[in-house]
Amino acid sequence: MLNILWVFMIAGGILFASFHGTMGKLTEVFISSSTEAVNLCIFMLGVIGVWNGMMEIAVKSGLMKRVSKAMYPFIHWLFPDIPPQHKANEYIAANMAANILGLGWAATPAGLKAMKELKKLEESNKGNISKKSYTAGNIARMSEDTYEASDMMCAFLVLNISSLQLIPINMIAYRSQYGSVNPTAVVLPAILATMISTLAGILFIKGMEFIRYNGRNKKKRRRLQ
C-alpha cells in the first residue's frame, strides 16, 4: 500500500510540474533532496550504531534480564497471562526500555521477538502444537495459517505504539542535523505527549481486559444456569 502511495505522489508531482513548466525546478529538488537524504542517513547511522551497540551490550551482559525482573510486576499487571519465566517478558522489557530511551531502531527487533513469543504462547495455550515443535518452519506456518492476533499481542501493540519516551533521541538528532539552535527543546513536550498517549493506551488495555473478563463470567453463569 505504501509503495502505491509513493508512486502516486511522485507521478502526481511530475505531471503537475510538466503541466506548469517547472520540470527544471523539480529536477533540482530531486538532486538536492537525494543528497540531503544520503547525508542524513550517514549522520543517523552513527547515532543508530552507538545506541544499538549499547542495547546489545546490555543484553549480552545480562543487564536486560535484571531490567526484565525489575519490570516484571508492571509487565505482569499488563499481561497477566504470560508465565513468570517466559521469554516474552524479557523481550517486552527490552522493547519498553528502548522506547523509553527513544531508540525506535533498537525497540523494533525486541518487539518482533516479543510478538513471536506471544504467538507461540497463544498457540501453546490453545493446544494446537506441542512445546517440542517450536521450530522456525512451524512458526512460519503458524503465521501463515492463523491471521488472528491474540489479546496479549493486541495489548502489546497498543503499548508499543503509545511508547513513553524520556529521551526522544530521533527528534534530537534530526533537529541537530538541520541546524536547530536548541535540539533538546523537544524533550519536555515529548515526555508530556508520550506520557498522555501511554496512559491512554494502558487505560484502553485494562478497559478491554475488564470487558473480556466480565463477558467470560457472564458466559460461565449462563452455562451454570
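These exercises work through the salt bridges of a predicted model.

Residues are numbered from 1 along each chain as its sequence is written. Local features need pLDDT of at least 70, side-chain atom pairs count only at pLDDT 80 or more, and totals for chains, interfaces and linings use all residues, while side-chain values use heavy atoms, with hydrogens and water left out.

**Exercise 1.** Find how many salt bridges the whole structure holds.

Solution. Start with the criterion: a side-chain nitrogen of Lys or Arg within 4 Å of a carboxyl oxygen of Asp or Glu. Search the whole structure.

**Exercise 2.** Describe the salt bridge between Lys120 and Glu117.

Solution. Take the distance: 3.2 Å, N to O. Helices are DSSP runs (H or I, at least four residues), numbered from the N terminus. Then check burial, meaning under 20% relative accessible area (1.4 Å probe, protein chains only). Lys120 is buried at 13%. Glu117 is buried at 10%.

**Exercise 3.** Which residue forms a salt bridge with Lys119, and are the two buried or exposed?

Solution. The partner is Glu123, with the closest N and O atoms 3.6 Å apart. Lys119 and Glu123 are 4 residues apart in helix α5, so about one helical turn lies between them. Both are buried.

Key:
Buried < 20%, exposed > 50% of the residue type's maximum accessible area, 1.4 Å probe, protein only. Helix = DSSP H or I, 4+ residues; strand = E, 2+ residues; numbered from the N terminus.
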